[in-house]
Every structure is written in structure tokens, then in C-alpha cells.
Amino acid sequence: MLLHPVNEAIGLLENDLQMILDGGSEKVGSPSNVPVAAALRCTMFLTTLFFSVYMTVICLRLGSMASGQGQAPASRSSWESRVAKAAGSLYLAPVVAILMISTRLRAMELAKNAQTGEPPMWAQACMYAASMGFLVRFVADVSMPATQGRVNRNSESLVTKTLRIVRNIFGGIIYASSCAIIMSTLTMEAPSGTTEALGCIMQCLLVLAGSHLFESGARDVYQAMPSRTADSEVAGYGAAQGLSQKDDSDEGLPAGISLQFSPMLCVLFVGIALRAVQLNLEPELWAMIAMYATTFAMLLQAARDTMRTVTRKGRTEDRPQQLLADEAAGPVRAAPGMEQDDGADASFWSATTLCIYVGTALIMVCVFAMEPKPLSILIPSGSSSSPSGKVESQHPISTAMRCVMSLTVVYFTAYLVLMAGSLTKGVFGRWASHAASSVQRSLAFAPMLCVMMIGVRLRAMQIGERDPPRWAQVSMVIATVAVVTQVACSMLSEGEQNGDDKALASKIYLITLLVMRYAASLALFLGVGSLIISLAWMQPVL
């Protein structure tokens, strides 16, 4: 009896694999002639730029390792240093893409039609402006000469100063366009009839995205101050870093939990909002309370982190904003002879972090509560029948939503493990200190991948399909498994490095993990490429 669900799940998996091996019994037509929505075009562009840049970083890193230069940062090639540094200019891409998709979702909700619901033209223009801003800012960053250590900006060449001005101008365009997109979501009206008020999910999403933009903007403005010195030393992808990159002038709790967690929470909110629109349901009261409480805790964290940056007490104010930054991995131990933050700050950090985790867990439970058959989320059912009640299961939960939930669980669990390790001493604490940056680099792809999967799902709805073609759904699963594999390899490899690296078995083990990690990276990029192709040339299922 207990094995029946497992056997059913295995049977469904066997059927899907057999369909793939047989060439698929699913018949698709020619690519749809319905124009791709502006929000989805921009999301596709940002995803392509995001993963292309990080794939370039990985390839350059592999080249350095093959040439024997992967050990010392000072020996990295000029292009590797430039691209690794410029990759930090894309840290806002997931949140901006989420805003674009949420605006599109709001238009669909008001139009009651997935095919014709479009935001205002000026909002679409802002989407294109923000996308172009990311591209120009990245080109400006990668065009700046690579340097090591801190450089006095007053001694920079005219070309470098011009590139920095261009970078800041287009950074401002990104922020202004993002704020305009938020305003369009807030002020959008229904084409006819009464305009429905924003629901709880959309409210929390916009507040989280707005706070993320405000905190990031405060840090960017602080970095752009003429009195600041440019710190250009950026670790290449795959380079080992400790848990605490300490600033000699300050020790304490890390700034950045709000910057790390808000993109993934926004993705989860978008997924839930899409599911709620599909089922024509609203979350229950306890779920809305959890969403508001989690959002409020994130706001408190953002306010604290912004204040620490403005008052020059944050650990990261002397370093450029990076997507792969070493943040949100738990309290940092003070160096010998220095004390940690006072007890009030530590208590505040602990209380808000606990609230974020408990609230996120309840939000995940909310997804199960919305379903007439909650276990169908974990165990797909081939039947479309459902008991009378909330809604008929003619809209089973999509593969995209399952992948988003899986990555959310992995994302927050990994950070929880790192935070728990940072609070302990001994082997576990040393492991967390060494594994933090490697695990965070693996998790950095999760938000953008989730955004792309939701974008593909929205494209299917736009052309009148319930789900994208099966090969696109398989690509989602492959990319999700690839991210989870990278995280697992990062954790296991760091734990092994604390042992006897000279032992033959240890070397074989580490090489195996390294091969698995790069194979997972290849699978991830191939999966994302398939999703981009699916969104651009989606074929309706016949």
C-alpha cells in the first residue's frame, strides 16, 4: 500500500522516458505566429546575456586551469579578470526580469486573456530600455582595463573615466526603467469593467522587488562616489574563497541576506501568482499572513543592510556589487582581538532570518493547500479527475512550477546549512567557511533559471497551450537537476578538501566531483539554451 505511489511515479517516469526514446508520441505544429510578448522577449534577452557571460567566465577559467594559471589571482589573463569583474553588472537581471513577467501577469489578470493581455506601451518601452541598459553597462565594464588591488580613481585615464560615466548613466536607466515598470503594475487598469485590486501575492512581490532595487541602488551610488577607490580584485569563477572576506575596519554580521533571498522569493511569488490565476483562487488567510510577515522581515533586513552600507559599517562596501558575492552565509566570527556586533544587532539578525525561513516554509505549504490533490505536486497523477471542492484538476500543476519549488527548497536549505555551520566550531564550522563561496556560486544561477522557466510557461499560455512541448519540460528538469548537482558537488568537494589531499583515493574523489560539476554546468547551459529556443519558436501541440 505504501509503495503504490512510488510505483505509480516510477511508471509515469518510464512512460515519459520511453516517449523520448521513441521520438515522442506528442505531435507539434509549426512555430506559432503569435508575436512573443515584450516582457518575454526581454526576459529571453536577459537570460541569454546572463548565462552567456557566466559560460564565458567558466570557459576562461578552464583555460587558465589548463595553462596552469588557475592557482594565483595575479596570474589570471586580462580577459578573464575583465569578464569576471563585468559579470557583476548583471546582478540585478533576475529581479528586473521578474518585474517584467509580473507586469505581464498583471495584464493577463486584468484582461482575463493570456493571449491579449499586454501592459501599456510605455511600460514595454521601459522593458526594452532596461534590457539595453544591462548590455551597455556590461560592455562598459568589460572594456575597462583590468587592474589588481585598489586604484585611485583620480589617476584613471580619460577612457576609463568615460567608460565609468557611461556605466553609471545606463545603470541609472536600469533603475529608472525598473521603477517605471513597478508603477505600470500599480496603475494598470482593466480594458473594460472594474479594475481588480492588487492581490496579496503581487503586493509582496512588488515590495520585495522595490526594496531590492533601493538597496542595490544605495550600494551602487556609494560605489560611484568620486572619493571612493576602485577595488578591482574579483575572484574568477571557481576560485576558492572563505566564508568571511573580512574588512580590516569592521567585523560583524554580513550585509546582504535581503539581496540574496529576495530574488528567489520574488520568483516563488510569481510562480504562485501564475498558479492562482490559472486556478482562479486566492491564498487562504494564514498564507497571506505568512507572505506579509516574510516580506516585512525582508524589508527590515534590507533597511539594516542599507544603513550599514551608508554608515560604512558593511563588510562589502569596499567591493563592487557581485551576483556571486560572499553574503548571507551567516554571522561572521570576529578576528582575534576584535568583538562581534552588539547583542541587539545579532538578535535582530537572528529573529528576522528565522521569520524569513518560517514564512518561506509556510508559503511553500500554501502551494500544496491550493491544490485539490496536494500530493500531486510530489507525485504526478495521470488522472484528470478530482473531488468536488476547490477546483477541478483540469489544470494540473506544471513542470515549471515543480522545478521552481524544487530549486527554492534547495536554495534556502543550502543557505540554512551554511548559516548553521557558521555558528558552530570544529569540523562543521570549518567546512561551512570553506564551502560558502563555492555553494553560493552554484546557487547564483537558480533565480534566473526559474524566471526563464516561468517565461516559457507564460509563452505557452500566450499561444493557447496549457504547457510547453514535452521536450521543453524535459529541459526544465535537466537544468534543475544540473543546479542541484552543482550544489551537491560544491558541498562534498569542500568537505573532502579538509582531509588528506595527498591520498590517491582523495585525488580521484575530487577529480570525479570536479568532472561531475562541469558536466552539470554543461547540462545547465544546454537546458537553458533549449528553453530559450522553446520560448522564441514555441510550437503548439497538435
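This is a predicted model: local features need pLDDT of at least 70, side-chain atom pairs count only at pLDDT 80 or more; totals for chains, interfaces and linings use all residues.
**Notebook: a look through the chain**

I started with the surface: the accessible area of the chain comes to about 23100 Å², and 66% of that belongs to carbon and sulfur atoms.

The chain has 542 residues, and 52% of them count as buried. For secondary structure I got 15 helices and two strands. Then I checked contacts by sequence separation: of those with a separation of 6 or more, 86% are between residues 24 or more positions apart.

**Core**

Which residues touch the most other members of the largest nonpolar core? I found Leu-449 and Met-453, in a core of 122 residues. I followed up Leu-449 and left out anything up to four places away in sequence. Its partners are then Phe-51, Leu-407, Ala-479, Thr-480, Val-483, Leu-524, Val-528 and Leu-531.

**Nonpolar patch**

Which helix gives the most to it? That is helix H10, residues 343-369, with four residues. I picked Val-365, which lies in H10. Val-365 counts as partly exposed, because its relative accessibility of 41% falls between the 20% and 50% cut-offs.

**Gln-473**

I moved on to Gln-473, in helix H14 (residues 470-497). Buried or exposed? I had to look up the relative accessible area of Gln-473. At 18% Gln-473 is buried, since the limit is under 20%. So what does this polar side chain meet? I listed the contacts of Gln-473 beyond four places in sequence: Thr-399, Asp-467 and Pro-468. With Thr-399 there is a side-chain to side-chain polar contact of 2.7 Å. With Pro-468, the backbone oxygen sits 2.9 Å from a polar atom of the Gln-473 side chain.

**Leu-198**

Last entry: Leu-198, which I found in the loop between helix H6 (158-187) and helix H7 (200-224).

Methods:
Residues are numbered from 1 along each chain as its sequence is written. Side-chain values use heavy atoms; hydrogens and water are left out. A nonpolar core is a set of buried Ala, Val, Leu, Ile, Met, Phe, Trp, Tyr and Cys residues joined through side-chain atoms within 4.5 Å. Buried means under 20% relative accessible area, exposed over 50%, partly exposed in between (1.4 Å probe, protein chains only). Contact means heavy atoms within 4.5 Å. Accessible areas come from the Shrake-Rupley method with a 1.4 Å probe; for residues, only the protein chains shown count as cover. A polar contact is a pair of N or O atoms within 3.5 Å; within protein, one must be able to donate a hydrogen and the other to accept it, and residues adjacent in sequence count only if both atoms are side-chain atoms.
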